[in-house]
Amino acid sequence: MPQIPEKIHELTVGQLSARSGAAVSALHFYEAKGLISSRRTSGNQRRYGRDALRRVAFVRAAQRVGIPLATIRDALAELPEERTPNRDDWARLSQAWRSELDERIKQLGRLRDHLTDCIGCGCLSLETCVLSNPDDVFGDRLTGSRLMPEHRVPKERPDADRPDACCR
C-alpha cells in the first residue's frame with residue numbers, strides 16, 4: 001500500500017485511489033453524491049484533504065454491510081466539515097443502523113426459506129396457488145411481484161390425494 005508523507009496535506013485523485021483502494025471512478029461518484037469533497041486547483045485538478053481517506057474507508061465499510069449511499073451521506077453530513085469519522089462515530093452510527101439491518105436480515109431469511117415455495121412444485125401458477133396466493137387476494141390489492149407475508153398452511157383440498165394435484 002503506497003504511503004503518503006505526512007507533509008502532504010492534499011491528495012490527487014490518483015493518490016487517494018491508490019491509498020484507499022477505491023477506483024478513481026468510484027471516488028468521482030462519491031464526490032458527485034456528496035460523500036467526499038475536493039477543491040480544484042488553478043489547472044482544474046481535484047485535490048482531496050487527508051480526511052477523505054477516512055471518509056472513503058467509512059463509506060466502503062458502510063456499503064459492505066448494505067447501508068444505502070443516501071443514508072451514508074446523511075450520516076457524514078452530521079460530522080463537522082474537515083473532521084474524519086472516528087471509532088466513536090462508527091459505533092454511534094452502526095448502532096443506529098442495527099435495527100434496519102436486523103429487519104433486512106429477517107426479510108432475507110424469509111426470502112431464503114420460501115424461495116422455492118409453490119414454484120418448486122412445478123405448477124408455475126402463482127396467480128391461483130393455494131399456498132402463496134389463496135383466491136388471488138394479492139392480485140386484487142397489489143401490482144407487481146411481492147414477497148408474500150408469512151407462509152400459510154393450505155386448507156385441505158378434496159383432490160389433495162391425486163398424484164397430479166398442484167401445490168400440495
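Is E78 buried or exposed? I looked it up: E78 is exposed, with a relative accessible area of 53%. My cut-offs are under 20% relative accessible area for buried, over 50% for exposed, and partly exposed in between (1.4 Å probe, protein chains only).

Ground rules next. I am working on a predicted model, where local features need pLDDT of at least 70, side-chain atom pairs count only at pLDDT 80 or more, and totals for chains, interfaces and linings use all residues. Residues are numbered from 1 along each chain as its sequence is written, and side-chain values use heavy atoms, leaving out hydrogens and water.

I noted 6 salt bridges in the structure. The term takes a side-chain nitrogen of Lys or Arg within 4 Å of a carboxyl oxygen of Asp or Glu.

Entry: R92 and E78. Their side chains form a salt bridge at 3.1 Å, N to O. R92 lies in helix α5 (residues 87–114) and E78 in the loop between α4 (69–77) and α5, so the pair ties together parts 14 residues apart in sequence. Helices (H or I, at least four residues) and strands (E, at least two) are DSSP runs, numbered from the N terminus. R92 is partly exposed, at 40% relative accessibility. Shared partners join E78, D89 and R92 into one salt-bridge network.

Entry: R39 and E10. I found their closest N and O atoms 2.6 Å apart, in a salt bridge. This one links distant parts of the chain: R39 is in strand β2 (residues 39–40), E10 in strand β1 (residues 10–11), 29 residues apart. R39 is partly exposed at 40%, and E10 is partly exposed at 31%.

Entry: D51 and R55. Their salt bridge spans 3.6 Å, N to O. Both lie in helix α3 (residues 51–64), 4 residues apart, about one turn of the helix.
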